[in-house]
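Here are my notes on the structure, as numbered points. Please read them with the coordinates open.

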Amino acid sequence: MKQTTNSILMIRPVAFRMNEQTAVNNYYQKVLDGLLPATVNAKAQQEFDDFVNKLRAVGVDVTVVDDTLNPDTPDSIFPNNWVSFHENGDVALYPMFAENRRVERREEILDQLEEKGFKIDTIVDYTSAEEDGFFLEGTGSLLLDRANEKAYCALSPRADEELFIEFCEDFDYAPIVFEAFQTVDGERKLIYHTNVMMCLGETFAVICAECIDDKKERKMVLDNLKDDGKEVILITEAQVNNFAGNMLEVRGAADKRYLVMSAAAHTSLTAKQIEQLEKHATILSSSLDTIEACGGGSARCMMAEIFLPKA
């Protein structure tokens, strides 16, 4: 199985703003005082368009779908939380913590992918877990090492352990479960999504090991990465706060590898970390300041990787 793809799905926002329903456990979100909602959305659209242009310029195949005004979906810009696409033609749909994020799941988005020639065989639907208050938010909660058939998951209110195990059984992944924390007002609180503190590339992994407070769990996670021959690049919690964990490796023209991140993440990295990363992939960064502040997510969250076969 391939770890990286040339094809990604992105959703262009029409009414982007800070989502009050997700702010209860996403401590990265901020209110941008003094900005009208229309201004916030216009800034987010500009950042989105610039980002897409940069990806396309290096040969990444980006499918852009416009969001709709109705229903109200302030976080639709982060599609990787509700859907994942797999090489065997499977599509997984995930249960979402925030009620207003559940309506982001739109069948016509899958129809558009099929129109583009992608082949969808089976839809594996976990969304009924929402009724019982259990959640697993796609590749925000799950970090898939597709090549080594391992899935990493930092448990949180948005990542239920039993659902995670069920996913791993359905998709033949070995589950690697742990808890990751951040300091909020002097208290250690669970990080809402695994992909904020960790990124898995083909030959490397970026991880904030200091977020994993339990030493045994930390060792277990790092051992798994090293056993699979990945170079482990450690980042700090301060860098996590700048979304340095929220990166994604993609392929551009001629199969060239790019490591995609925000400008804030890029700026937060040390010269040594950049040197380590550039041995594996070329860094591609774009300014996502408004999206990061209001959405509490960054570059990785905006890209749903498409591994589906072509019809």
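1. Terms for what follows. Buried means under 20% relative accessible area, exposed over 50%, and partly exposed in between (1.4 Å probe, protein chains only). Helices (H or I, at least four residues) and strands (E, at least two) are DSSP runs, numbered from the N terminus.

2. Provenance. This is a predicted model: local features need pLDDT of at least 70, side-chain atom pairs count only at pLDDT 80 or more, and totals for chains, interfaces and linings use all residues. Residues are numbered from 1 along each chain as its sequence is written, and side-chain values use heavy atoms, with hydrogens and water left out.

3. Overall fold. The protein chain has ten helices and 17 strands. Its radius of gyration is 18 Å, close to the 19 Å from the globule rule for 311 residues, so the chain is as compact as a globular protein of that length. The radius is taken over C-alpha atoms, and the rule is 2.2 Å times the number of residues to the power 0.38. Buried residues make up 57% of the 311.

4. Contacts. A contact means heavy atoms within 4.5 Å. Of the contacts with a separation of 6 or more, 75% join residues 24 or more positions apart.

5. Helix H5 (residues 161–171). Its buried residues are Leu 163, Phe 164, Phe 167, Cys 168 and Phe 171. They cover an arc of only 140 degrees around the axis, which puts them on the same side of H5. The arc is that of the directions from the helix axis to the C-beta atoms. Glu 162 and Glu 169 are exposed on the other side. The buried residues pack against strands including S4 (90–93), S6 (142–145) and S8 (174–178).

6. Helix H9 (residues 271–278). Which residues of H9 are buried? They are Gln 273, Gln 276 and Leu 277. Their arc is only 95 degrees around the axis, which puts them on the same side of H9. The face turned away from that side carries exposed Ala 271, Lys 272 and Glu 275. Among the elements covering the buried residues are strand S12 (204–207), helix H7 (237–240) and strand S16 (282–286).

7. Backbone points to check. Most residues other than glycine have a negative phi. Asp 172 has a positive phi of about 60 degrees. Asp 172 sits in the loop between H5 and S8 and is exposed, at 58% relative accessible area. Asp 255 also has a positive phi, near 65 degrees. Asp 255 is in the loop between strand S14 (248–251) and S15.
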